[in-house]
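Thanks for coming. I have one structure to go through today, so let me put it on the screen.

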Amino acid sequence: MSRVLVIGAGGVGSVAVHKMAMNADVFSHITLASRTKSKCDAIAASVKQRTGVTVDTAAIDADDVAATTALIQAVKPALVVNLALPYQDLNIMDACLAAGVNYLDTANYEPRDEAKFEYKWQWAYQDRFKDAGLMALLGSGFDPGVTSVFTTYTKKHLLDRIDTLDILDCNGGDTGLPFATNFNPEINLREVTAPSRHWENGQWIEGPALSHKQVFDFEQVGEKNMYLMYHEELESLVKFYPEIKRIRFWMTFGDSYLKHLELLGNIGMTSIEPMMFQGREIIPIEFLKALLPEPSSLGPITKGKTNIGTIATGMKDGKARTVYVNNICDHEEAYAETNNQAVSYTTGVPAMIGAALMLTGQWKGAGVFNMEQLDPDPFMDMLNKHGLPWKVQDLAAPLAF
Ligand code: NDP
């Protein structure tokens, strides 16, 4: 029985809070705080209606460390779950240290003026969390998060040695809109417009953004174009699995999405460089975010499925083996259960699971942890029980590309 403070009332925060309320034996008291309190209140009303559980709400600017520390001290949670934006990570970690409380997030810290997707700033908190006897769990979403746990599970149970790893992220959902991003638009566009990067034979290989395409036939979705990309779990996988010779990340994009992205990029709308507009400084991508639909508004209109998983090649008992571990999630079912589409669902559920494992002491430690460092079994077990069932398939051959 533990108190939890969730910060961030977007799609991911909404799913996590709904799922925590459905697991009241672990989450005895939930407080949801975000910049805009009315969004917290709307989520609390939905949770009350669906589960009967009361969620307390509060307004907080998590960039204000003193105010966040004071909120944590007032709420007295055992854990702060950060589901605001990556810009807030370090400030919320500072507030957790000041208040003496454990920390969890789903995305690594990003400085506003550089699209980096690197863990170095958060890994630098290792000694501070360790010395305080506190735990910070990084990246407990789907990717990073579940994909990292799939890899750990593969190494623990399916392969004695992993040689190559491909992460395949397919969103086969359709909103009917010409252009919308399924999680925070600013972060999403920073991610997909960054140069591609993968790990091969001890080094990073870079290429232009979205320039390497392959077709893959995703179960329950169909054939999709997927593109080689950089994604933040590659950094922690490389660190914790030095044996893997090649690690790649692929994400599917539809032609309409790419056409709009190209145009927006060509005219400078995806830039993160500040510029002057009518006497005040604006950042084009922040302005674009204001024009695009909020991911939390896409729930009622998204149809189709996500299919995300890992394909690993390697050796088991002296024989070559290729294994595919994946989850398929239906947008409409996710919406029916939590009022949010599957991309928020596939992130919010693992956030709830990571939080539950910390609160119940099944995952514990002092310091800053990535998902790869923890026992995959209780997490995999909870995925099956809480809406993200997975399966393992042996593939006849490795990927042909
Ligand atoms: P949204 O943009 O829908 O929600 C973000 C929320 O954070 C909003 O409620 C926003 O408030 C709030 N917020 C922003 N700045 C502050 C601040 N300074 N103080 C307090 N609250 C703030 O994003 P999502 O829900 O889609 O994503 C949430 C997080 O999950 C992001 O970090 C994203 O990168 C991560 N993510 C991780 C994935 C994974 O698989 N690991 C996949 C998808 C997302 P307001 O409404 O007032 O702006």
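I will take the domains, then the interface between them, then the ligand, then the salt bridges.

First, the ground rules. This is a predicted model, in which local features need pLDDT of at least 70 and side-chain atom pairs count only at pLDDT 80 or more, while totals for chains, interfaces and linings use all residues. Residues are numbered from 1 along each chain as its sequence is written, and side-chain values use heavy atoms, with hydrogens and water left out.

The chain splits into domain 1, residues 3-138, and domain 2, residues 146-339 + 390-394; these bounds come from an automatic or database domain assignment. Over C-alpha atoms, the two domain centres are 24 Å apart.

Now the interface. In domain 1, 28 residues contact 20 residues of domain 2, where contact means heavy atoms within 4.5 Å. Together the domains bury about 1900 Å², with carbon and sulfur atoms giving 50% of it; that is the accessible area (1.4 Å probe) that two parts lose on being put together, summed over both. Of the area buried by domain 1 against domain 2, Arg 50, Phe 117 and Trp 123 supply 32%, more than any other three residues.

How many salt bridges cross between domain 1 and domain 2? The rule finds three, a salt bridge being a side-chain nitrogen of Lys or Arg within 4 Å of a carboxyl oxygen of Asp or Glu.

Which secondary structure elements each supply at least two residues of the side of domain 1 that touches domain 2? They are α1 (11-21), α2 (37-51) and α5 (120-123). The helices here are DSSP runs (H or I, at least four residues), and strands are runs of E, at least two, both numbered from the N terminus. The largest share, five residues, comes from α1.

Next, the ligand. It is surrounded by 28 residues, and the closest are Arg 35, Thr 36, Lys 39, Ala 62 and Asn 184; a residue counts if one of its heavy atoms lies within 4 Å. Oxygen atoms of the ligand lie 2.5 Å from a side-chain N or O atom of Lys 39 and 2.6 Å from one in Asn 184. For Ala 9, a backbone N or O atom is 3.0 Å from a ligand oxygen.

Last, salt bridges across the whole structure: the search finds 21. In one of them, the side chains of Asp 63 and Arg 112 meet at 3.4 Å, N to O. Asp 63 sits in the loop between β3 (55-59) and α3 (65-75), and Arg 112 in the loop between β5 (102-105) and α5, 49 residues apart.

Terms used:
A polar contact is a pair of N or O atoms within 3.5 Å; within protein, one must be able to donate a hydrogen and the other to accept it, and residues adjacent in sequence count only if both atoms are side-chain atoms.
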